[in-house]
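Hello,

Please find the structure below, with the sequence alongside. My notes follow it.

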Amino acid sequence: MKKFLKLPLKVLALPFIFAFALAAVLVKAVNNLSSYVMGPLILFILGCGIYSAIQQMWRSVAILAVLEVFFLAVMFFAVVIESTLDGMKESLLSFIHS
């Protein structure tokens, strides 16, 4: 009897599973593509920061350090969003299989 009560909810969960899967794939693709751009940019900023530290331009070092942390945080939170979407999709799939 419980299975028949859950059936409408399981049917309603299918579009959400599709939406979460599609969003996860899009976020993963964007994250992978942006890594090809942001990776060299992060290395360039690090090199500029090292050069600025050697030249004792401390204001530039601080600005570059903030930029470095910002780009690393953007990449980190993109992965967090991707894993959250995957987790939501997996939890809905486990609900459907229950």
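**A buried glutamate without a partner**

Glu82 is buried, yet Glu82 has no salt bridge. The nearest side chain of opposite charge is Lys28, 4.1 Å away. A salt bridge here needs the nitrogen within 4 Å of a carboxyl oxygen. Please keep in mind that this is a predicted model.

Glu82 is found in helix α2. What does Glu82 touch, leaving aside residues up to four places away in sequence? The contacts are Ala24, Val27, Lys28 and Asn31. Two of these names come back in the list of buried α1 residues, which includes Ala24 and Asn31.

**The salt bridge that does form**

How many salt bridges does a search of the whole structure find? One. The side chains of Lys89 and Glu90 meet in a salt bridge, at 3.7 Å from N to O. How do the two ends sit, buried or exposed? Lys89 has 18% relative accessibility, so Lys89 counts as buried under the 20% cut-off. Glu90 has a relative accessible area of 44% and is therefore partly exposed.

**The two helices**

The protein chain has two helices and zero strands. Helix α1 covers residues 2–54. Helix α1 also has a kink of about 35°, centred on Ser35. Just after α1, Gln56 takes a positive phi of about 60°. Helix α2 runs over 58–97.

Which residues of α1 are buried? They are Lys10, Ala13, Ile17, Phe20, Ala24, Asn31, Met38, Ile42, Ile45, Gly49 and Ser52. On spacing, an α-helix has 3.6 residues a turn, so residues three or four places apart point the same way. The cover over the buried residues of α1 includes α2.

**The chain as a whole**

The C-alpha trace of the protein chain spans about 75 × 20 × 15 Å along its principal axes. The radius of gyration is 22 Å, whereas a compact globule of 98 residues would have one near 13 Å. Buried residues make up 18% of the 98 residues.

Among contacts with a separation of 6 or more, 78% join residues 24 or more positions apart. The accessible surface of the protein chain comes to about 7,400 Å². Carbon and sulfur atoms account for 80% of that surface.

Best regards

How values were computed: Residues numbered from 1 in each chain as written. Predicted model: local features only at pLDDT ≥ 70, side-chain atom pairs only at ≥ 80, totals over all residues. Heavy atoms only, no water. Bend = angle between axes of the 7 residues up to and from the residue. Helix = DSSP H or I, 4+ residues; strand = E, 2+ residues; numbered from the N terminus. Buried < 20%, exposed > 50% of the residue type's maximum accessible area, 1.4 Å probe, protein only. Contact = heavy atoms within 4.5 Å. Lys, Arg positive; Asp, Glu negative; His and termini not counted. Rg over C-alpha atoms; globule rule 2.2 N^0.38 Å. Areas by Shrake-Rupley, 256 points an atom, 1.4 Å probe, with all protein chains shown as cover.
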